[in-house]
Amino acid sequence: MARTIVAQPSGRPTKAYNGLAMDPASVVVKQSPIHGEGVFAATDFHEGDVILRFDDSRLVTDENPLREGESILHCAWLPDGRVVYAQEPERYTNHSCDPSAYIKEAGGVRYFVARREISAGEEITIDYSIDNWGDVWWHCDCGSARCRETVYNDFFRLPLEIQIEYLPYLTQAYRERFREQVEELERKAARR
Ligand SMILES: C[S@@+](CC[C@H](N)C(=O)[O-])C[C@H]1O[C@@H](n2cnc3c(N)ncnc32)[C@H](O)[C@@H]1O
Ligand SMILES: [Zn+2]
């Protein structure tokens, strides 16, 4: 059964979150054709709309490790060194090689932003390789025409054209952590 999770308590549009507009939108968590449960739009979004604001308050640390019932699949390793235990609904976001959303960070808060027009009922997906690193790969079932099938976590293992396409989505923290590689990529992009 679908669970409706209202992304914002107020029913009115607001610019309260660090100047980012957020419509009175809601998303629904339900069974996904990609994997397990996924996050689905319960309303239409335009490109650039903020879909939801993350709750990054639960940090996983040596002093505060995973608790019983918590899955490592729902941990996010952030480029600034924090490990966040993702909350609902964002913890159910699946990967797509042609994602409908991306993560934007502003004022220390993370948001999902629509990468294109999204209709009510569509799954909200992100590309897990953006802002990511590490020697991990896995088989993708996103089913998109652009599916890479084998997905490497490491952003810099993406095909060059896709790295360039995704350059605007890298967060400031990732740019700082991988400064030399990002600057090299920007030089390559400028030469195109
Ligand atoms: C954050 S969870 C996403 C929510 C997950 N569907 C659930 O029900 O808990 C991340 C995990 O979902 C699975 N997953 C997400 N996107 C996938 C995809 N495109 N292909 C295959 N598995 C995927 C992988 O097992 C991944 O480790
Ligand atoms: Zn895919």
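**Entry 1**

I count a residue as buried if 20 or more other C-beta atoms lie within 10 Å of its own, as exposed if 12 or fewer do, and as partly exposed in between. I started with Asp131, which has 24 other C-beta atoms within 10 Å and is therefore buried. Asp131 sits in the loop between E12 and strand E13 (137–139). I also looked at its backbone: the phi of Asp131 is positive, about 70°, although this residue is not a glycine.

**Entry 1: the model as a whole**

I am working with a predicted model, so I looked up the confidence before going further. The average pLDDT of the protein is 88, and 87% of the residues score at least 70. Residues 4–21 have a pLDDT below 50, and this stretch has 36 contacts in the model beyond near neighbours in sequence. Where pLDDT is low, the predicted coordinates should not be read in detail. I am leaving that stretch alone.

For the fold, I noted three helices and 14 strands. The protein has 192 residues, and 27% of them count as buried. I then looked at contacts between residues at least 6 apart in sequence: 62% of these join residues at least 24 apart.

**Entry 2: the largest nonpolar core**

Which residues of the largest nonpolar core touch the most other members? I found Val27, Ile51, Ala101, Phe112, Val113 and Ile124, out of 27 residues in this core. The elements that give two or more residues to the core are strands E5 (37–41), E6 (50–53), E10 (101–106), E11 (109–114) and E12 (123–126). E11 contributes the most, with four residues.

**Entry 3: the partners of E11**

With E11 giving the most to the core, I looked at how this strand pairs. E10 and E11 are antiparallel, with six bridges. In that pair, Ala101 stands opposite Ala114 in E11. The hairpin of E10 and E11 has two residues between the strands, and Gly107 there takes a positive phi near 60°.

E6 also pairs with E11 in the antiparallel sense, over three bridges. Here I found Leu52 opposite Phe112 in E11. Next I looked at Arg53, also in strand E6. Is Arg53 partly exposed or buried? Arg53 has 19 C-beta neighbours inside 10 Å, so it counts as partly exposed. The C-alpha atoms of Arg53 and Phe112 are 6.6 Å apart, although 59 residues separate the two along the chain. As a reminder to myself, side chains in a regular strand alternate between the two faces of the sheet.

**Entry 4: around ligand 1**

Which residues come nearest to ligand 1? I noted His35, Gly36, Asn94, His95 and Asp141, from the 16 residues around the ligand. E5 and strand E9 (94–95) each supply at least two residues of this shell. E5 is also among the strands that give two or more residues to the core. Sorted by class, the shell around ligand 1 holds five nonpolar, eight polar and three charged residues.

Pro89 is in the loop between strand E8 (83–85) and E9.

**Entry 5: Glu149 and His139**

Glu149 lies in the loop between E13 and strand E14 (150–152). Is Glu149 buried or exposed? I counted 9 C-beta neighbours inside 10 Å, so Glu149 is exposed, whereas Asp131 is buried.

Leaving out residues up to four places away in sequence, His139 touches Glu149 and Thr150. His139 is in strand E13, and with 7 C-beta neighbours inside 10 Å it counts as exposed. From His139 to Tyr152, 13 residues along the chain, the C-alpha atoms are separated by 9.0 Å.

**Entry 6: Trp77**

Last, I looked up Trp77, which is in strand E7 (residues 75–77). Trp77 counts as partly exposed because 15 C-beta neighbours lie inside 10 Å. Its C-alpha atom is 9.7 Å from that of Val60, a residue 17 places away in sequence.

Conventions:
Residues are numbered from 1 along each chain as its sequence is written. Chains are lettered from A and ligands numbered from 1 in the order in which they are written. This is a predicted model: local features need pLDDT of at least 70, side-chain atom pairs count only at pLDDT 80 or more; totals for chains, interfaces and linings use all residues. A nonpolar core is a set of buried Ala, Val, Leu, Ile, Met, Phe, Trp, Tyr and Cys residues joined through C-beta atoms within 7 Å. Two strands pair if DSSP finds at least two bridges between them. A residue is near a molecule or strand if its C-beta atom, placed from the backbone, lies within 6 Å of it. Ala, Val, Leu, Ile, Met, Phe, Trp, Tyr, Cys and Pro count as nonpolar, Asp, Glu, Lys and Arg as charged, and the others, Gly among them, as polar. Two residues are in contact if their C-beta atoms, placed from the backbone, lie within 7 Å. pLDDT is the predictor's confidence in each residue, from 0 to 100.
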